[in-house]
Amino acid sequence: MILRLALASLRARLLTVGMTILAIALSVALFSGVEKVRTGAKASFADTISGTDLIMGARSGSVQLLLYSVFRIGNATNNLTWESYQDIAARPETDWIVPISLGDSHRQFRVMGTTTEFFDRYKFRAGRSLILAEGAVMDDVFDTVLGADVAATLGYAIGDPIVVAHGLASFVDHDNQPFRVSGILEKTGTPVDRTVIVSLRAIEAIHVDWQNGAAIPGQSTSAQTIRQMALEPQAVTAALIGVKSRLQVFGLQRAINDYPHEPLLAILPGVALQELWQIVGIAETALIAVSGMVVVTALIGMMATIFSSLNERRREMAIFRAMGARPRVILSLLIIEAAVMAAIGALAGLGMLYLGLLIAQPAIDASFGLWLPIEPPSLRELQVVLGVVAAGAIVSVGPALRAYRMSLADGMMVRI
Amino acid sequence: MSLEDVCYRWGGRASFALNIPHFQLSKAGSVLLLGESGSGKSTLLSLVCGTITAQRGTVRVGGTDIASLSAGARDRFRAEHIGLIFQQFNLLPYATVLDNILLPLRFAPMRRARVPSPRAAARALCLDLGLPPETLTAQAGRLSVGQQQRVAAARALIGAPPLLVADEPTSALDAATQATFLSLLFAQARASGSTLLMVSHDARLGAQFDRVVRMADITQTMQVRP
């Protein structure tokens, strides 16, 4: 009955109670939204590469290797020689190996030389494969496949010619060997979107007339001649490796790290991603703290409204007292009301979050490559709801105690 | 109900005190307590109901010394033994009439036990007090003042508490409704065997009561040097 009366009392003050609940709902929606984006970003981040057991490169740091081989951020300190690559490829543990050759660019996008096997082996977001939106994978030496962002930003279509620049911020173009767009990939939300993919041979081909990073003056080999050349690479930047059995991952990793002829490094992508996230993750803590503060603000707002409603409710409390209610009943009545408001607010906030997700999910995925899964509320979200209810009850103790003292002093007579 | 040698002094205004050497009410009667405003009527009612306790003397209701009870027990005692009607704003405006009538039973298990079916009892009381049955589900705040007073009477009467205390219950009503309300109240009080203590400043009401007491006759209001 007390609960029913509390609900009726809330209903009677629909406007102020509604505004309070709205504030709590918005804050909870914000908080869980941030939480959702955070876990989504973390998952997306961890899903940048999957299905690859090891990444191999020249010896540097594991995060650095991950950054340049997967995220195309920064540069390799060194390449690994083609001989080493083939040694590792020939090892019995190696199931497949995909070379990556970096160092050239097209406008603001990196160019990556690889083999067509890359399209089969590179997986993201729990095993999804790259899909061509249009066209086909490269067939000719001068074919190129563009990531979704590259094509969208530069407005390329199938068959357009493109010129690759030497180096990353260079004005020297490999303009004697123009490429042709043969395929455009679907958006993945991974760095592949911002990559121009060419064949490994193409990387060699555009450097045929180059020596020590500069074009040899007067020398120009025709595309036709280049097509007939062997174009064996001297070195690659990194390699993605799959092992035959997962048990062999650490063995192969050790073998690569102990490779006698050249200093090499093999990393487990998942572990390196974790390390990297720990660096990026400081921002997430700040974000959580800020949205947590918003929830606290909303709850304090509720406390303020309860405080300000006390005076106009003295008569109501006096009636309770006259009927024989102990001051304790008034205390609990107010706390119940606050908890109910907080609960409705928190649940409404979750509702708003899911509604927002339903509406915005495809747009967020398309424009940020951030996939926010719509799942039933997780334990963590339930904890948030319970936490808000508990916190609502706790902040209401202040005004409730005041009401307790007021009703004790007023008794059943209120002189207004 | 009896008050013996009671002295109550307000904390803030130490210069004023209420003294009642002797005041007694017999069982199942009706008493009108007449007094001007400021004569200490409300204080007397608060003493009887136990929301305040006297500094001196004893207040007995149904033989129990109110002051000897703990604060919680006094609240419980009030719920069990006293039905209260105020001048106005008696009801929780947001709650239904039924919830308002049943409210005291929530705090008084013994009184609740006397009512086999609270809903039926509330309905019967409403009928007896001339309220149509559909008012039970109405929101109390939507009723007219006269109807609200009747609901308040039903609430005071439910579970037949031994003592009914009414604090100027008719002053917000016009003359015609006043008379009807009082006769209904009397009839119900008699039916449940309750003692009725009513406080008013209106001497014209006196004719219907067994006994009329003037506030001035039972109190010694005096200036106290702090």
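A salt bridge is a side-chain nitrogen of Lys or Arg within 4 Å of a carboxyl oxygen of Asp or Glu. In this predicted model, the side chains of Asp99(B) and Arg4(A) form one, with a distance of 2.4 Å from N to O. That distance lies within the 4 Å limit, so the pair counts as a salt bridge. Between chain B and chain A the count is two salt bridges.

Let's look at where the two chains meet. On one side are 27 residues of chain B, in contact with 23 residues of chain A. Together the chains bury about 2300 Å², and 69% of this is on carbon and sulfur atoms. In chain B, the residues that lose the most area to chain A are Phe86(B), Tyr94(B) and Phe107(B), together 29% of what that side buries. There are also four residue pairs in polar contact across the interface.

Three helices of chain B, H1, H2 and H3, each supply at least two residues of the side that touches chain A. The largest share, six residues, comes from H3(B). Here is that side of chain B by class:

| Class | Count on the side of chain B that touches chain A |
|---|---|
| Nonpolar | 14 residues |
| Polar | six residues |

Five strands form an open sheet with parallel pairing, in the order S6-S7-S8-S3-S9. S6 (82-85) and S9 (211-214) of chain B are the edge strands, each pairing on one side only. On average, neighbouring strands are turned by 20° against each other, direction ignored. Five bridges join S7(B) to S8(B); Leu163(B) has Thr195(B) as its bridge partner. H2(B) lies across S6 and S7 of chain B and runs at about 80° to S6(B).

Conventions:
Residues are numbered from 1 along each chain as its sequence is written. Chains are lettered from A and ligands numbered from 1 in the order in which they are written. This is a predicted model: local features need pLDDT of at least 70, side-chain atom pairs count only at pLDDT 80 or more; totals for chains, interfaces and linings use all residues. Side-chain values use heavy atoms; hydrogens and water are left out. Contact means heavy atoms within 4.5 Å. Buried area is the accessible area (1.4 Å probe) that two parts lose on being put together, summed over both. A polar contact is a pair of N or O atoms within 3.5 Å; within protein, one must be able to donate a hydrogen and the other to accept it, and residues adjacent in sequence count only if both atoms are side-chain atoms. Helices (H or I, at least four residues) and strands (E, at least two) are DSSP runs, numbered from the N terminus. Ala, Val, Leu, Ile, Met, Phe, Trp, Tyr, Cys and Pro count as nonpolar, Asp, Glu, Lys and Arg as charged, and the others, Gly among them, as polar. Two strands pair if DSSP finds at least two bridges between them. Axes are lines fitted to C-alpha atoms, for helices over the stretch in contact, and angles run from 0 to 180 degrees between N-to-C directions.
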